[in-house]
Amino acid sequence: METFLLLMAEASAVNAELAEGNHGFGLNFDILETNLINLVIIIGVLFFFGRKVVGKTLSDRRERIETAIVNAQKRATDAKAALEEQQQKLAQAQAEAEKIRNNAQENAKVAREKILATAATDIERMKENASQDLNAERDRAITQLRQRVVAMALEKVESQLQTGVDSDTQQKLIDRSIALLGGRS
């Protein structure tokens, strides 16, 4: 403040010298004419009261910035923890998916083997059934042929017997043939 007053005094002296010899452009350093006192009072009042307001504003701003920094650091820490947790969950999910995939492949192999075993068993059973059916059909055909042959032989014998054999002999032959047929069944 002293420097300011000293500069004003010097400026006033220089102005007085210029005013005596020259009436042109210049600075007016008369304190009363320029309201310099009023300006000094206003600046002083602003400085005295404004310092508190500006200081309070700056301290409030500093507190808000510090709070914002602390909150940002907390959010960053929380986000980092959440990221780690989600990465762990992802790793667990991937491991579970791999386990499920391996189980599914193993189950598919077991199912394939069961299906192949069942198919092989079915094929063998079908072959056996076909063989049994074939044997049964062959036996039935043989039985039918035998019956026809026997029937034809009996017819032939009957016809020969009727023409050349008496009734007692016919009766004995019939009884013997019946006994022979009854023994085969």
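A residue is classed as partly exposed when its relative accessible area falls between the 20% limit for buried and the 50% limit for exposed. In this predicted model, Glu85 has a relative accessible area of 40% and is therefore partly exposed. Lys89, with a relative accessible area of 43%, is partly exposed as well. The two residues form a salt bridge, in which the closest N and O atoms are 3.4 Å apart. Both Glu85 and Lys89 lie in helix α2, and their spacing of four residues corresponds to about one turn of the helix.

The structure holds five salt bridges, including the one between Glu85 and Lys89. Another links Glu98 with Arg101, with a distance of 2.6 Å between the closest N and O atoms. Glu98 and Arg101 are separated by about one helical turn because they are three residues apart in helix α2. Glu98 counts as partly exposed at 36% relative accessibility, and Arg101 is assigned to the partly exposed class with a relative accessible area of 41%.

A further salt bridge is formed where the side chains of Arg140 and Glu137 meet, with an N to O distance of 2.1 Å. These residues, Arg140 and Glu137, are also located in helix α2, three residues apart, or about one turn of the helix. The relative accessibility of Arg140 is 41%, so this residue counts as partly exposed. For Glu137, the relative accessible area is 40%, which likewise means that the residue is partly exposed.

Helix α2 comprises residues 36-164 and contains Ile41. Ile41 contributes to a nonpolar surface patch of about 470 Å², together with Ile37, Val45, Phe48 and Phe49.

Key:
Residues numbered from 1 in each chain as written. Predicted model: local features only at pLDDT ≥ 70, side-chain atom pairs only at ≥ 80, totals over all residues. Heavy atoms only, no water. Patch = residues over 30% accessible without salt bridge, like charges linked within 9 Å, V, L, I, M, F, W, Y side chains within 5 Å. Areas by Shrake-Rupley, 256 points an atom, 1.4 Å probe, with all protein chains shown as cover. Salt bridge = Lys/Arg side-chain N within 4 Å of Asp/Glu carboxyl O. Helix = DSSP H or I, 4+ residues; strand = E, 2+ residues; numbered from the N terminus. Buried < 20%, exposed > 50% of the residue type's maximum accessible area, 1.4 Å probe, protein only.
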